[in-house]
Amino acid sequence: MPVARLAWAIGTVWLAASLAFLLIHLAPGGPAIALGGDSGAPGYLEDVARLYGLDRPLPEIYLDWLARVATGDLGHSYRSGQSVLSLILERLPVTLALVAPAVVLSAIVGTLLGLVRTGRGFAASMAALHAVPGYLVGQALVLVFALGLGILPVQGLLDGRGADGGGIARLLDMARHLVLPVLALTLHNLTFVALLTRTRVMAEMERPYAVTAAAKGVAPALVRRRHALPNAMLGLVSLFGSRLGGFVAGAVTIEVLFALPGLGRLAVTSAIARDHPVVIGLVLFTTAIVVTTNLVVDLAFRRLDPRVGEAV
Amino acid sequence: MKIRIFLAVFLAGVVLSTLSARAQVAVVAVAGDPGHLNPAISTAGPLHAVADSIFNGLVALDREGNAQPDLATSWTVSPDGREVRFTLAPGVKWHDGKPFSAEDVKFTFEEVLFRFHARTRAGLAPAVDSVDAPDAGTVVFRLKQPHPALLKQLNVTEAPILPRHLYAGSDPNRNEANARPVGTGAFRFESYKRDDSVVLVRNDNYFKPGLPKLERLVFRVIPEANTQVAALANREVDYLGRVAPSDVARLKDKATLVDTTSGPGGANCVMTLAFNLQRPTLAALPVRQAFAHALNRRQMLELVQFGQGRVAEAPIHSAIEWATLPGALQAYDLDPARANALLDQAGLPRGAGGERATLDLLMFPAFARYAELMRQQLAAVGIALRLKPLDPAAFATSVFTQRDFDLALISYCNGVDPEIGVRRMYHSTAIGNVPFSNAAAYRNADVDRLFDRAGSSTDTAARGEAYREMERIVARDLPYWWLVETDFTSAWRGDFADFAPWSGQFAERAFQKR
């Protein structure tokens, strides 16, 4: 069983990376414009194609790539010459620093909101807020907290004028810079969690055990918290898990808006520059992570809830 | 007594802290990540915005586009115009301490610029026979024929000089110095974090006495224009190299200085509509004339450029005064009725829905507002546009490699001499797989001859006459329709002075006011 699961996982990663390979190679235009600038000289495009081996037939490039990836070599960026893996690992902490607090905040605050506020008006306002793109939320935050109140920076991870000091001061500066982006990413997602919690908990409240508890005279709030929520939790966790990809996707626009040097920015810059190895490497890396987490979550669920193991 | 000591210490502390707070640091916003920092193998804008401050050219260009000393202190042109001799500044050192010499110049031109810098490879290399270094302080350009544009192609943007001792015998595209550049320029490289920042520090041994004045020059990569403006207002950034026309008015209100130039390196850009002359519909002259009568360029200037520029009056940018032909496009006044008549005459009658034809317009997403306006204006005369925004790589392939387009919106930058940026638009040898060359695929033997004559004469009056004759012809043939001369607007916080936004070395003289 685990072997089949593993083979399935590897197959998924291979498929995703191969699709990315095809897409980026078939997209019109090569890396020449990003590398050499947009004024041309005769023969320039051909020279660049030759330089990176892109003048060969696609199947040959693909097999070459596959052979290298099989040995764990993701290649080097056309633009910087840096190894793709080091490029990704360099950026990962920034994206994690943005996404992790947003995930935790929206999970906790969203669940609490959904539990406490059950009115219809609340649901409608959450739904409306959820419809606003994270990008606009970010712009609004910039207007209020940065331009209006002048208390928070609007871009980057560190103060441009600051010396390259280390330690606590640097961490605090980073935290200050992350407040608005994290808020922007959180607000967009916490509305989703709040709505989901509300619906799930309300559904649980109709179940016989909750009705019984209410009939015994337990206060409704207590029924929701002590009885309905734990039962709703299992479904919530798995749904929230499937939502994690949405956080990463949302991080792309937030990273661009707030000029944060994370994985999302790397993906955007590399796609525009047709930096093929980086784009494919990013897809491979993220797919591998998603597939691995799914694998781990599956196994964890099996431990938590024996019924899952039987169903598989 | 104790109080006095305390006061003295306190005052000293205050003075010291204000002094250190006033360290001369300028934070500059750039829209794109430079990728690497070797300006000799690329013409990409974001790269030059950063790297030009690390290097020097043989000459610098002043605001009017005239050559001023940079690495070369003086130069003489031989009577036949085929030999130009440069005397180099003495005592120049690379940032790593090695002495700079004429060998570096010879090497950079022959081995790097003439092979990998697209504009210099296309615009200068064919005219040069050899670059010689008779002694350490002299460089001699021997030319195949007189090349009057030479001096304007030797600034840091067109021809930055690299250290031979780091590049000789290597592939310049993969040299490690591209990521840790060593130049002769006003600022030394300190650090580069991709998609984030580049930090340069003052070159204390700069060969120009008293310069630079800034201690640190920090470039922050901020892709969103809105965020750039917010960062300037929020005092996180001091200098914006390029401000969107729609933001200029709102910046002028703040404590900001705004300067309008024709662009770094004398870009002189003209927003241009290219007709694909290989498409039958557009090969018909009356159709192109109809476009010229139907498009409201004043509206483009006002609604898209917010007045930052001028309606084009000639095929060559008006800043190149000796070559431009004002009034060349006068015949094409805004006249939709005439446009309709021309389209009828061209055999494009209105169909059932009032449409005569549907055409594809390709453009960069950044030019979408122009395209949208053109769609509205052309709809009035029965031409429907399908807008196809493409990123630069896809755009270049579709237009110049596959030639799969009807209309393309292109910002053609003329440079400070028509040899740099105008010739490529019209000369028949510039048709083909070359980005941002002759998009129309226009061929006219007379025009070719005029460019060849203007390009090899040293007599400015004669050159001007040849270019103006060329303009008369292309204004008649209309391979393009010249829309708007677009100005570049830069902005910086009011406590800074002496930025030079027209130059790649924009911060060489800048300082923060005490």
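**A bent helix, a chain and a contact**

Helix α10 of chain A (residues 220-257) spans only 43 Å between its end C-alpha atoms, whereas a straight helix of 38 residues would span 56 Å at 1.5 Å a residue (the expected span being 1.5 Å times one less than the number of residues). Helices (H or I, at least four residues) and strands (E, at least two) are DSSP runs, numbered from the N terminus. The model is predicted: local features need pLDDT of at least 70, side-chain atom pairs count only at pLDDT 80 or more, and totals for chains, interfaces and linings use all residues. Residues are numbered from 1 along each chain as its sequence is written, with chains lettered from A and ligands numbered from 1 in the order in which they are written.

At Leu229(A), α10(A) bends by about 50 degrees, and Pro230(A) follows within four residues; the bend is the angle between axes fitted to the seven residues ending there and the seven starting there. Just after α10(A), Ala259(A) has a positive phi of about 50 degrees.

Chain B contains 17 helices and 21 strands. Its C-alpha trace spans about 95 × 60 × 40 Å along the principal axes. Of the 514 residues in chain B, 54% are buried (20 or more other C-beta atoms within 10 Å of a residue's own, C-beta atoms being placed from the backbone).

The contact between the chains takes 42 residues from chain A and 47 from chain B, where two residues are in contact if their C-beta atoms lie within 7 Å. On the side of chain B that touches chain A, α13(B) provides the largest share, 6 residues.

Definitions and conventions:
Buried ≥ 20, exposed ≤ 12 C-beta atoms within 10 Å, placed from the backbone.
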